[in-house]
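Student: I have not looked at this structure before. Could we go through it in questions and answers?

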Amino acid sequence: MNLSLKRAAIAQLCSTASKHNNLLNVAKCARIASEKGASMLFLPECFGFIGSSSQETLDNAEEINDVVISKKKDDYFEKIAVDGDIVSTKKKWLNDIENFVEHGVDPRASGNDSTMTSMLDNGQISILDGLKAIAVKSGLWISAGGLHEKGAPPSPEDELSRPRVYNTHFIMDSSGKIVAKYRKIHLFDVSIPSQGVELRESATTAPGSKLVICDSPIGKLGLSTCYDLRFPEMYAALVQQGGADVLLVPSAFTVPTGRAHWHTLLRARAIENQCYVLASAQFGQHNEKRKSYGHSVAIDPWGGIIVDAGGYDGEGNSTTGLIDGGNNNSKLTSPNVVFCDIEDEKLKSTRERMPIQLHRKSNPFCW
């Protein structure tokens, strides 16, 4: 990895209810990213798990803490020691992930023993543990675009006080340490009785309340998640008050809303704030109920699309960016990785030519 090169690797995934397969796909993306000289890998919302029901989401939520994986795995596993066979199997599982990152050896090709199969089938693995192993082995920083986090309070409107999760986007450094954590603020609740539509994300997910910025190898990041994209005032605050240079929008847009608004909204946020926008996306059929639009993109501070991984509208495009789908470079494979280099001079020149931030009114308008 070239630490002097501010290269971003933006992943496109089709996550499912198999945490093991999802993490192996992330490991594949990390291997490609490292080979191409990236310093940071960006993952979409729900990169580690997409289930078929809200109960599955709750059952697979995890605590998100700042524990760093020890280089000595025995020290690490002492902290999670359960049954001897399970600990041994979990060690092998993490070794398999690390071997995939380092050597490209996909453990799915050789099959698993009965203990491993049982552990994987029952979801007895931690997305966070696997991601930390990937970060350490690849030497990459990772933007984990959305993991369901335990510990959220029940909805005040819920008389049964049922548990909820946070949809948490966090930044992990190359040692496996979590250096920033953003809980998605804007939740999608809509009621259209005449059409029989009743969607309440807030029933199972609690909103966050704090904006988050973070220094990184590619610049100062402003964190957001999916539906946040529709609220421009949030991004103005990340830039004007937080000093962000790169806005992150990991997402799992539906196909109809993606076709209608995805590129338009992303380009608008880049133009309004004169920032790079990196938007890693889910793409494809996750289960019988859900599919996502795709089109992981990188956009420059002038609003130009640097690279687009493609999606349901067809293949994307690449002008100055790089596309790598692994074996065949197809833009529509999954997992897929697209690349762009963050250029400080482009940020500076764009802002000098049109100093929007200086002209932005900090006081309320008069009526």
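Tutor: Contact here means heavy atoms within 4.5 Å. Keep in mind that this is a predicted model.

Student: Which residues does S216 touch, not counting residues up to four places away in sequence?

Tutor: S216 is found in the loop between β8 (213–214) and β9 (221–223). Residues up to four places away in sequence are not counted. With those set aside, S216 touches M40, W141 and L221.

Student: Is S216 buried or exposed?

Tutor: A residue counts as buried under 20% relative accessible area and as exposed over 50%. S216 has a relative accessible area of 15%. That value falls under the 20% cut-off, so S216 is buried.

Student: Which residue has its backbone oxygen 2.7 Å from a polar atom of the side chain of S216?

Tutor: A polar contact needs a pair of N or O atoms within 3.5 Å. The side chain of S216 has a polar atom 2.7 Å from a backbone oxygen. The residue that this oxygen belongs to is G219.

Student: How are helix α1 and helix α6 oriented where they pack?

Tutor: Helix α1 covers residues 19–35 and helix α6 covers residues 127–138. They pack with their axes 10 Å apart, at an angle of about 15 degrees. Angles under 35 degrees count as roughly parallel. Therefore α1 and α6 are roughly parallel.

Student: With which side chain does the side chain of S126 make a polar contact?

Tutor: S126 sits in the loop between α5 (114–121) and α6. Leaving aside neighbours within four places in sequence, S126 is in contact with L23, E62 and W93. The polar contact of its side chain, at 2.9 Å, is with the side chain of E62.

Student: Is S126 buried or exposed?

Tutor: The relative accessibility of S126 is 16%. Buried means under 20%, so S126 counts as buried.

Student: What percentage of the residues of the chain count as buried?

Tutor: The chain has 10 helices and 17 strands. Its accessible surface comes to about 16,600 Å², and 50% of this belongs to carbon and sulfur atoms. Of the 367 residues of the chain, the share that counts as buried is 51%.

Definitions and conventions: Residues numbered from 1 in each chain as written. Predicted model: local features only at pLDDT ≥ 70, side-chain atom pairs only at ≥ 80, totals over all residues. Heavy atoms only, no water. Helix = DSSP H or I, 4+ residues; strand = E, 2+ residues; numbered from the N terminus. Buried < 20%, exposed > 50% of the residue type's maximum accessible area, 1.4 Å probe, protein only. Polar contact = N/O pair within 3.5 Å; in protein donor to acceptor, adjacent residues only side chain to side chain. Areas by Shrake-Rupley, 256 points an atom, 1.4 Å probe, with all protein chains shown as cover. Axes fitted to C-alpha atoms, helices over the stretch in contact; angles between N-to-C directions. Parallel < 35°, antiparallel > 145°, perpendicular 65-115°, else oblique.
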